[in-house]
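Work through the exercises below with the model open beside you. Try each task before you read its solution.

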Amino acid sequence: MADAVNSLPGAVRTAEPRAPRPAPARSPGRLRHRLATYWYAWAMVAPVVAVIAAIVGWPLVRGVYLSLTDADESNVERHIGVNRIEASYEFVGLDNYRAILRDGDFWDRLGWTALWTVSCVALTFLTGLGLAVLLNRTFRGRAVYRMVLVLPWAIPAFVSVFAWRMLFNERNGILNSLLEDGGIDAVPWLSDPTWAKAAVVAVNVWLGVPFMLIAMLGALQSIPAEQYEAAEVDGASPWQRFRYVTLPGVRPVAMTVVLLSTIWTFNMFPVIFLLTHGGPAGATDIMVTEAYRLAFVTSPRDFANSAAWGVLILLLLVLFAIAYRRALRRQGEVW
Amino acid sequence: MDRNTQAKPAAPPAGSAAAPAAAAARPQAGPRAGEEAAAPRREGRAAGQAGRARRPRRRGERGPAASIGLHLTLLVAAFIAVFPPLWLLVTSFKPKSDTFTLSLVSHFTLGNYDHVLNDTEFLTWFGNSVLVVLLTTVIGVLISATTGYALSRFRFPGMRPLMWTLLITQMFPMAVLIVPLYNLMSRYDMLNRPSALVVTYLTIAVPFCAWMMKGFFDTIPVSIDESGRVDGLSPFGTFWRLVLPLARPGLAVTGFYTFVTAWAEVAYASAFMTGEKHLTLAGGLQTFVNQHTQDWHLMTAAAVLIAIPATLVFGYAQRHLQAGLTAGAVKT
C-alpha cells in the first residue's frame, strides 16, 4: 500500500523522477485497488487502445495468417448479392514465402527498392540542406523564396504527381516539346525502364525537399551564433565553418529526418502508383506497390502473396530500425 | 523511438523568429560595422584575400558575385518548385485541343471547370472526401488528446507499452495492413462506406497525434491541474475545462496533420472505394486519366479544385504549425 499515498486518484505527475514500477499485483484486493486508482487514466487511453487493437493489432495477426494460406479472390469469404460464400482457402505453411524468396523477382524488387530509397533520401537531404544553407542568411526576398520553395508540400501529393505526369507525357508533354524545340529527340520519360526510374526519383525528391528544407533550416537556426563567431575569430574559412560548425550542429536533426525520410520513402506509394503504375513492365515497382498490385490490380487478386510481401516489408523495416538504433547508440546518441 | 523526435525537425522554426532577427541585427549593431562597410571590399584581389584572412566576411554579407549566385540558385529552385502546379493551373484554363500547347494562355476558357463540376461526379467525390476527412479529424484529435493527456499527466500500468505501440504503429507500412483490412471490411460489409476509410485513417493519424498532444500537455504547467483538483474538479473535468483550452495550438496542429494526411491518402481510398458514387477525390482524379480515357484538360481543372482547400488549410495552419510543433517538441 506504500505507493497508494503517491498515487492518490488524480495525483498529477510531479517533477520528481519516475518512481520505480510498482511490483506486479497478484491479490484480487490489490487489483480492485489498482482499478480504483487508475481507472480514469485507463478510460482516457481506452479509445486509442481500442482503435489500435481493432485496426492494427487484429489485422496484423490476420495478415500474418493470410500470408500462410493460399487465399485469393476466388476463395475468400465474399458476398454475391445477398448470398454469403464461406471462405475456402487453406493453410499452406511457409509456401508463399518460399516461392517469393526463390523467385528472382523478389531480389530485383528489393534491389530497386533499396536504390530508390537511398537515392531519394540522399538527393532530398542534400538538396534540402543546400537550400536551407542558402536561405539561412539575410537578404531581400528571403520570406518569399521560403514560401515558394515550401509550396510542393502544401499541395496534396497525388495532385502534384498528376501534374508531373502531364509534364512527362511522351508525345506532347512540355518537357519533350521543349527538347524537340532544342533539336533533341523526345525522351521516353515513363516508358523506358531507366528513364522511368529517374522520373519517379525526381518527382519524389521534388515532393520531399520542402520538409527537409524546413527541418534543416530550423536546425541551422538553432546553432548558436557564438560558435560561428568563435570560428571566425580563429580564422576559419567559410568551408571550414560549414564543415566544423554547421554540420555537427545540424547532425541531431539530420539523423532524425533521415530516418523518417527513409521510412517514408521506403513506404512511398502514391508517387510510383500514380506516375507509372509500376511500369513499364514492373520496372519501377518497389516492394510496397508490388504488394498492392498483387492484391488489388492483378487478376485474380492474390491476397496470400500480397500479405506475405507485406510481412516481409515489415520485417525489413524492423531490421532497419534496429540497425539504425544500434548505430546511433554506438555514436553515443540515446533515444 | 523516432516519434519523439518527429516533432523536432519542425521544432527549429521556433528559433526562426529569434535567430534571423539576431543575424539581421548584427551587421548594423557592432561598432565595427561602419569601418568594415567600405574599406576592404574595393581593394585588389591579393589585398582583399589578406584582409579577409584577418577578418573574414561576416555572415549575412556577400560580394556581388556571391549575391548573384545565391539569387540565381534560389530562383532556379523556386522555378522548379512552382512550375508543375503552376502549369496545372495554366492548363486548366485551356480548351481540350490546346491542353499541351506551350503558350501560357490560349483560348482562355472556364469550360473545364464547368464540365468537371456539372457533368461528372466530382462534387460527390468532394463530399465523400470532406465527410471522411472531417470525421477523421474530429475523432482523431479528440481521442488522441485524451490519450496524450493521460500519457503526459498520469503514471499508470500499461503506459510504457502503450507509448511503444504508438511509436511502432507509426512505422507500419500500409502494405502490411491493407490486405487483411480489406478482407475484414469485406466480411463486415463496410467496403464502399465512408466509415471504412475513417476507421482506417485513424490508425494513420492517431499514433502521431497522441505523441504530439503528449508533448503539448507536457508544456502546460502541472500546477494548473493541481489547482483544478483542489477546487474539486474530477480528472476529466480538469482535462476538459482547464487543460484542453490551453492546448488549442496543439489541437490545431494535430487537426491540421490529420486533415492533410487524410485528404491526400491514395492507397486505402483506391482499394476500399469502388464505383463512381463512392470514390473520394484521390480515386476520382484517377478516373480522368487512365487506360481508357485521356481527359487531361478535365484532370487539370479537378486537380486545381482539389489542391485549393488543402493549400488554404496549409497556409492557414503554417503559422500555428511552427508555434505548435515547437511547443510539442520542447522536452521537460
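A crossing of two helices is left-handed if the near helix is turned anticlockwise from the far one by less than a right angle, and right-handed if clockwise. Keep in mind that this is a predicted model.

**Exercise 1. How do H8(A) and H10(A) pack, and what is the hand of their crossing?**

Step 1. Find the two helices. H8 covers residues 193–221 of chain A, and H10 covers residues 238–266 of chain A.

Step 2. Take the geometry. The angle is about 150°, and the axes lie 9 Å apart.

Step 3. Classify the angle. Angles over 145 degrees count as roughly antiparallel. H8(A) and H10(A) are therefore roughly antiparallel to each other.

Step 4. H8(A) and H10(A) cross in a right-handed way.

Step 5. Look at the residues. H8(A) contributes, among others, A:Asn204, A:Gly208 and A:Met212. From H10(A) come residues including A:Thr246, A:Gly249 and A:Val250. By class, this contact has 9 nonpolar, 7 polar and no charged residues.

**Exercise 2. At what angle do H11(B) and H12(B) pack?**

Step 1. Locate them. H11 spans residues 222–230 of chain B, and H12 spans residues 235–246 of chain B.

Step 2. Take the geometry. The angle is about 130°, with the axes 10 Å apart.

Step 3. Classify. H11(B) and H12(B) are therefore oblique to each other. Their crossing is right-handed.

Step 4. List the contact. H11(B) supplies B:Ile224, B:Asp225, B:Gly228 and B:Arg229. H12(B) supplies B:Thr238, B:Leu242 and B:Val243. These residues divide into 3 nonpolar, 2 polar and 2 charged.

**Exercise 3. Is chain A compact or spread out?**

Step 1. Count the elements. Chain A has 13 helices and 2 strands.

Step 2. Compare with the globule rule. The radius of gyration of chain A is 26 Å, while the rule gives 20 Å for 335 residues. The value is well over the rule, so chain A is more spread out than a compact globule.

Step 3. Along its principal axes, the C-alpha trace of chain A covers about 85 × 70 × 35 Å.

Step 4. Check burial. In chain A, 38% of the 335 residues count as buried.

Definitions and conventions:
Residues numbered from 1 in each chain as written. Chains lettered and ligands numbered in written order. Predicted model: local features only at pLDDT ≥ 70, side-chain atom pairs only at ≥ 80, totals over all residues. Axes fitted to C-alpha atoms, helices over the stretch in contact; angles between N-to-C directions. Helix = DSSP H or I, 4+ residues; strand = E, 2+ residues; numbered from the N terminus. Parallel < 35°, antiparallel > 145°, perpendicular 65-115°, else oblique. Contact = placed C-beta atoms within 7 Å. Nonpolar A, V, L, I, M, F, W, Y, C, P; charged D, E, K, R; others polar. Rg over C-alpha atoms; globule rule 2.2 N^0.38 Å. Buried ≥ 20, exposed ≤ 12 C-beta atoms within 10 Å, placed from the backbone.
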